[in-house]
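Hi everyone, thanks for making time. Have a look at what's on the screen, and then I'll walk you through a few parts of it.

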Amino acid sequence: MLFVVSAGNQVLPFGMPDYAISRDYEAADAASRARSMIATLHGVMADRRLLSPAETVNGITVAAGNIDAVGPADRALARTLIDPFPAHVAANSSSSLGPGFARSVKPDILMPSAKEHMTCVGNHRHIDVRPAGASRGAGLKVAAPPRAGRENLDGYSNGTSAATALASRTCHRIHDALETAYGEAFLQIPPVERAVLLKVLLVHPAQWPQETAELIKSTLGPTGRGQASKQKDNIRRFLGYGYVNADDALACAADRATFFATGVLRADRIATIDVPVPVAIGGKARPHNLSATIAWFSPVMPGRKSYRSCRLKILTPAELDALAVSAERWHPDENQSNRGTVSSRRWSGANAPVVTPNMTIPLVVQRDPDQGAPVDEAIPFGLAVTISMAGEIGIYDEVRARLAPPVQARPAAGA
């Protein structure tokens, strides 16, 4: 069973030191509003940490993204309130901040939860604000309880619970899509492996909104050489692995192919998944990407500092030079990603890859024990891999023709 947990909502008022009166906040441009909110939340982050049980080790923690489908006419209904992120995709101000247990990446993902506005509730040396409630001008439309004999009512919601409901629905849609595509072959996968497969396919498409990541970096720093890891620490507190577009989690595209594999790993073993590389991307100096995400369910060890008993990781492929890609700048680094039960790696480049006929990338998944007593039981895992080159429409058809049967993990000798 996969648990999908909301990060928790922080709804108490807090001060905005950059503004003496609410009129100054209203008059500020989009970048200034966003920068002020990020700096303010960073200053009070000790009071806005994840709410239990959002530190779940094996579950997925969902934060509230400031995204909805409200049109311009209805958005005008929220004009008496202040949008803190009018031009950025970000976590809503009420959404709890990470990191998680043992400094793991938490929350894992952002899902839509309406553009939360702020209302001024006090004024002294500076203004005090609090998140406003959901409304037609800034909310997700949801079913409402019956009232006065009417049962077809609707209302508006926001917050991390609304985002988590959409994440759960996306998991159901992923399961339905896999069942439709693969039928009995998918349904015969053991339930625990199907659960961990949903886990990895939900997180895999998550990406940091680059403009928001750049804003957090420039606002919070730290600056100077050798500070990249600390800068990414600040970004992942707010964004986790990033925002998930549900459509990207459900399907491939003509210029993008996503592969998946699932299985179990016993102690001190590895699994190798051979991923086909499409000839269509070879010799073309255009932006392209390779991304890989591993997720697993770890036995837990209550009472021990490590709690998680084992970890899986994706070893760096030797073929990166041939593919002309290197580690993605706007993504948690390998050390940060390896602290939970989801590990995501991204590589990108713009130089021409060298691709030979029938070329594959052997992605190696390695199991390592955490500190403490060894755990010998088999660990279920799911792996998702995506190769893309924007505008190169032959990628999906080419690799699909090569995948018969679908990608499968092959254990190392003796596994």
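So, which residues does Ala167 touch, not counting residues up to four places away in sequence? They are Val4, Val62, Met111 and Leu202, where contact means heavy atoms within 4.5 Å.

Before I go on, a word on the source. This is a predicted model, where local features need pLDDT of at least 70 and side-chain atom pairs count only at pLDDT 80 or more, while totals for chains, interfaces and linings use all residues. Residues are numbered from 1 along each chain as its sequence is written, and side-chain values use heavy atoms, with hydrogens and water left out.

Okay, back to Ala167. You'll find it in helix α4, residues 160–182; helices here are DSSP runs of H or I with at least four residues, strands are runs of E with at least two, and both are numbered from the N terminus. Ala167 counts as buried because its relative accessibility is 0%. The cut-offs are under 20% relative accessible area for buried and over 50% for exposed, with partly exposed in between, using a 1.4 Å probe and protein chains only. Other buried residues in α4 include Thr164, Cys171, Ile174 and Leu178.

How far apart are the end C-alpha atoms of α4? They are 33 Å apart, which agrees with what its 23 residues should span at 1.5 Å a residue; the expected span is 1.5 Å times one less than the number of residues.

Now the sheets. β5 and β6 (residues 127–131) are joined by 5 bridges, and Met118 has Pro131 as its bridge partner in β6.

Inside it, 8 bridges join β11 to β14, and Ile294 stands opposite Ser343 in β14.

Definitions and conventions
Two strands pair if DSSP finds at least two bridges between them.
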